[in-house]
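Have a look at the chain below before reading on.

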Amino acid sequence: MKKVILFLALFLSINLAKAKVDRPIAITGTPIEMLFPQGKSKALILSFDDGNVADKHLVKLMNDYGLIGTFHLNSNKLGTKDYLTKEEVKNLYKGHEVSGHTANHPGLTSLSKIDVIYEVVEDRKELERITGYPVRGMSYPFGNTNDFVVEAITGLGIEYARTVGDTYNFSMPTEYLKWQPTIHLFGKTNYIPNDTANDRRELKNFYQITSEFLNVKTLALFYVWGHSWEYEGPGNKWAEVEKFFKIISRNPDIYYTTQIGLVDYINAFKNLKFSVDKDLVTNLSSLTVFIKINGKAFTIEAGTTKQLN
Ligand SMILES: [Zn+2]
């Protein structure tokens with residue numbers, strides 16, 4: 001009997017030891033963090049509304065500094081006074097994103113549901129005809145939205161919609177159809193006419209936030225929006241635009257992206273398929289995804305399965 005127990009104990013201990021080697025105990029709750037492409041932790045979106053003729057000046061400056069933008073256009077206004085023509089739209093925004101801003105620029109919160117749908121779908125259709133690619137996002141005219149408008153545009157192929165509710169922080173979007181940007185370009189300078197003290201304060205605050213972004217160490221999205229027509233007129237506001245572009249451009253730590261580019265990347269990250277033990281991951285998307293687990297960075301090539309250790 002003693003022999004049997006001894007044998008059993010020996011058998012169990014061998015098997016327990018073996019189990020330890022073959023089957024490490026999985027740790028649950030391991031945070032899997034997203035990094036931006038090339039393992040970067042900062043992203044920049046520059047987004048401009050309306051399709052004013054001054055976009056020609058703006059896009060030229062952006063191209064000179066290697067910056068990428070998302071441009072929200074009102075298709076029914078194109079070709080009218082102060083707006084770009086459809087022919088100009090076709091060529092000007094190459095390498096940037098053309099996105100929706102409704103056909104006629106009404107405040108959507110005072111429209112009927114069918115009119116909201118008409119404004120968004122008609123804009124999409126015409127911009128798609130001009131650009132030759134699916135237009136998948138928009139910004140709200142005047143930044144106006146509410147739950148009724150969000151419900152109306154759901155299912156229309158609009159994957160993101162930007163408000164003007166500035167957050168003054170670098171957080172990632174939580175609701176794509178109520179996307180809040182970081183800050184208006186140059187804050188609220190010129191919002192109050194002839195108030196130079198306010199302008200100075202706002203400009204200082206804008207550059208303070210820009211500097212915080214350049215120095216932040218955690219995952220950060222800097223989303224700046226505006227209108228090219230704001231920099232026309234008296235004084236040389238374009239010099240200020242160029243000054244900002246100089247500060248923010250050609251920085252190896254920043255991922256420069258269109259808005260839809262970031263949406264696609266986040267979706268690719270969210271679609272990663274992990275094994276139960278989180279030691280294997282499959283990336284089914286066409287984008288290479290960069291992640292961090294327990295402080296260690298990994299590159300998951302498009303369409304591959306990778307061992308994570
Ligand atoms: Zn607008």
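What follows is a short tour, from the overall shape down to single residues.

This is a predicted model, where local features need pLDDT of at least 70 and side-chain atom pairs count only at pLDDT 80 or more, while totals for chains, interfaces and linings use all residues. Residues are numbered from 1 along each chain as its sequence is written. The protein chain has eight helices and 14 strands. Helices (H or I, at least four residues) and strands (E, at least two) are DSSP runs, numbered from the N terminus.

**Overall shape**

- The radius of gyration of the protein chain is 25 Å, well over the 19 Å that the globule rule gives for 309 residues, so the chain is more spread out than a compact globule.
- That radius is taken over C-alpha atoms, and the globule rule is 2.2 Å times the number of residues to the power 0.38.
- Along the principal axes, the C-alpha atoms fill a box of roughly 100 × 45 × 35 Å.
- How many of the 309 residues count as buried? The figure is 30%.
- A residue is buried if 20 or more other C-beta atoms lie within 10 Å of its own, exposed if 12 or fewer, and partly exposed in between, with C-beta atoms placed from the backbone.
- Two residues are in contact if their C-beta atoms, placed from the backbone, lie within 7 Å.
- Among contacts between residues at least 6 apart in sequence, 62% join residues at least 24 apart.

- Strand 2 is mostly covered, with nine of its nine residues buried.
- Strands count as a pair if DSSP finds at least two bridges between them.
- Strand 2 runs parallel to strand 8, and seven bridges join them.
- Strand 2 also pairs in the parallel sense with strand 9, over three bridges, and with strand 3, over five bridges.
- A43 stands opposite L221 in strand 8 and opposite Y255 in strand 9.
- L46 has G69 in strand 3 as its bridge partner.

**The nonpolar cores**

- A nonpolar core is a set of buried Ala, Val, Leu, Ile, Met, Phe, Trp, Tyr and Cys residues joined through C-beta atoms within 7 Å.
- The largest one has 43 residues, and those with the most contacts inside it are A43, I45, V98, F222 and V224.
- Elements that give two or more residues to this core include strand 2 (42–50), helix 6 (196–215) and helix 8 (259–270).
- Which strand gives the most to this core? Strand 8 does, with six residues.
- F222 is in contact with L44, F170, T182 and F213, leaving aside its neighbours within four places in sequence.
- Another core, of 13 residues, lies apart from the largest one, and V149, I158, A161 and L177 are among its members.

**Two helices**

- The expected span of a helix is 1.5 Å times one less than its number of residues.
- Helix 4 (residues 113–131) has 19 residues and should span 27 Å; its end C-alpha atoms are 27 Å apart, which agrees.
- Buried residues of helix 4 include V116, E119, V120 and D123.
- Those buried residues are covered by elements including strand 3, strand 4 (97–100), strand 5 (137–139) and helix 5 (147–153).
- G132 follows helix 4 and has a positive phi, near 85°.
- Helix 8 has twelve residues and reaches 17 Å from its first C-alpha to its last, close to the 16 Å expected.
- In helix 8, Q259, L262, Y265, A268 and F269 are buried.

- Strand 12 and strand 13 form a hairpin with two residues between them, and N294 in the turn has a positive phi of about 50°.
- Five bridges link strand 12 to strand 13, where I291 stands opposite F298 and V289 opposite I300.
- Another open sheet of three strands has the order 10-11-14, also antiparallel.
- Strand 10 (273–274) and strand 14 (304–307) each have a single partner strand, so one side of each is left without a neighbour in the sheet.
- F274 stands opposite V281 in strand 11.
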